[in-house]
Amino acid sequence: MKMRTASLVILAALLASGCAAPQPWVKPYERANLAHPLMSLNPHPVSSPYIRHVHDAREGARGAEGGAGGGCGCN
Amino acid sequence: MGTRARPGRLRRAFGTLLALALIAGGAQGAILPEDRSDALYHLYTGDEVTVQGPSFLVRKSVGPNVSLSANYYIDFVSSASVDVRATASEYTERRDEQTVSADYLHGKAIVTAAYTRSDESDYTANTASIGISQDFFGDQTTLSMSYARGWDTVRNNADPDFEESVDRQTYRLGLTQILTRNALVSLNFEAITDEGYLNNPYRSVRFVDPTAGRGFSYQQERYPETRTSGAASVRGKYFLPWGASATVGYRWFEDTWGLAAHTGELAYAQSFGEDWTLEANYRYYTQTGADFYSDLFPRRDAQNFLARDKELSAFDSHQFGVGLTYEFFRRQQGTFKRSSVTLLVDQMLFEYGDFRDATDTGAPVGEEDPFSFQATVVQLFFSLWY
């Protein structure tokens with residue numbers, strides 16, 4: 001019963017707040033630094049699959065390193 | 001044992017997310033990758049193994065909504081690694097890999113399809129993938145997901161009748177979030193399932209054999225025919241006001257073979273004027289061994305599954321890298337916009353906990369020194385934007 005009351009209170013609070021979605025807080029004109037080449041998540045596209053292959057061929061772990069990987073043939 | 005990702009559940013979750021991403025498509029936001037070409041020479045040398053060769057990557061847009069890319073990569077391998085020194089003789093090999101991919105921009109979404117083929121004399125790997133990335137929330141959030149299917153053929157150069165296969169499925173989910181005007185964070189998750197012939201037809205395990213001259217003998221390694229792994233990573237990047245960036249990353253990994261790994265990375269990049277960029281990085285990697293790994297089994301066929309591959313043993317590695325990029329051509333007009341040359345040099349140190357040097361004849365069996373080695377990785381590449 002307590003759970004149900006708590007749920008109703010939370011629902012009422014959400015409705016009262018107007019369910020306003022949060023607004024993006026970094027505007028497009030504030031993103032100059034983020035667009036700098038030094039901030040790229042993949043600054044060297046020819047190097048990153050190579051160095052991933054160097055790791056994959058010598059380590060047991062694999063995956064979640066960002067970017068699309070291909071077949072490896074590391075056996 | 002590690003986590004067991006369930007392929008059925010993963011497939012349903014992936015399908016739902018893909019549908020949500022497609023429904024949410026809207027006004028312009030996402031952009032296609034820049035048109036550029038790169039020519040790379042790579043060299044890896046360590047533990048009497050040398051791998052070198054070129055890689056060529058070309059990317060070109062076709063119209064406003066499509067970008068195509070192609071990569072041709074070659075490994076020339078010359079190997080007398082510790083495994084080869086212990087049980088075989090030095091060999092040379094060549095691996096060719098080709099990738100083609102297409103990106104299609106639709107509103108705030110980019111759909112990517114790719115195909116990779118890798119060929120060696122005794123191994124062929126094929127991978128086809130499809131993925132989508134979608135910008136949300138005033139382009140402050142990018143969600144991406146992809147699915148890849150791999151089908152490999154394993155052969156044995158010593159046995160023309162030997163042919164086995166491996167099927168692989170990969171599910172990826174990624175989120176990049178702008179945190180502040182100077183910081184962003186990227187989260188990635190990847191689940192992989194393999195099914196088929198997962199061991200190496202040439203590799204052996206050693207076991208105690210009092211009848212043998214050195215007190216041990218070798219038998220063929222034997223792996224399970226399925227493997228499922230999960231990896232999750234977080235990477236943060238921060239822009240520093242003096243023209244530099246700092247990166248911090250961590251990756252967690254587990255699989256159904258009992259292998260768990262942690263990876264940490266730190267990187268720093270600093271530009272000097274418009275022409276020069278200096279970068280430095282450090283990566284630490286540590287893993288536990290697989291459940292069925294042993295450096296020395298007590299007898300022949302000691303258990304169902306047998307591994308003595310040092311990649312499946314417990315070890316730590318450290319990697320230190322430095323890089324220098326020089327940009328030497330910049331034009332506002334004309335076909336070519338800019339170009340650069342980059343040199344990256346990494347030094348790696350591998351220290352194994354329970355993989356002993358079987359070529360060490362001076363120590364009693366099973367009491368040889370744990371193996372360790374250093375490797376150097378050099379990459380030199382030329383990039384051209386157009």
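This is a predicted model: local features need pLDDT of at least 70, side-chain atom pairs count only at pLDDT 80 or more; totals for chains, interfaces and linings use all residues.
1. Extent of the contact. On the chain B side, 64 residues are in contact with 31 residues of chain A. The chain B residues that touch chain A comprise 29 polar, 25 nonpolar and 10 charged residues.

2. Helix H2 of chain A. This helix spans residues 48-56, and its buried residues are A:Pro49, A:Tyr50, A:Ile51 and A:His53. Chain B contributes to their cover: strands S1 (36-46), S2 (49-62) and S18 (370-385) of chain B are included in what lies over the buried residues of H2(A).

3. Pairing of S1(B) with S2(B). Two of the covering strands, S1(B) and S2(B), are antiparallel partners joined by 11 bridges. Within this pair, B:Asp38 is placed opposite B:Leu57 of S2(B). The two strands make a hairpin with 2 residues between them. In that turn, B:Asp47 has a positive phi of about 50°.

4. Pairing of S2(B) with S3(B). S2(B) is also joined to strand S3 of chain B (residues 66-79), in the antiparallel sense, by 12 bridges. Here B:Val49 faces B:Ser79 of S3(B) across the pair. These strands likewise form a hairpin, with 3 residues between them, and B:Gly63 adopts a positive phi near 75°.

Notes. Residues are numbered from 1 along each chain as its sequence is written. Chains are lettered from A and ligands numbered from 1 in the order in which they are written. Two residues are in contact if their C-beta atoms, placed from the backbone, lie within 7 Å. Ala, Val, Leu, Ile, Met, Phe, Trp, Tyr, Cys and Pro count as nonpolar, Asp, Glu, Lys and Arg as charged, and the others, Gly among them, as polar. A residue is buried if 20 or more other C-beta atoms lie within 10 Å of its own, exposed if 12 or fewer, and partly exposed in between; C-beta atoms are placed from the backbone. Helices (H or I, at least four residues) and strands (E, at least two) are DSSP runs, numbered from the N terminus. Two strands pair if DSSP finds at least two bridges between them.
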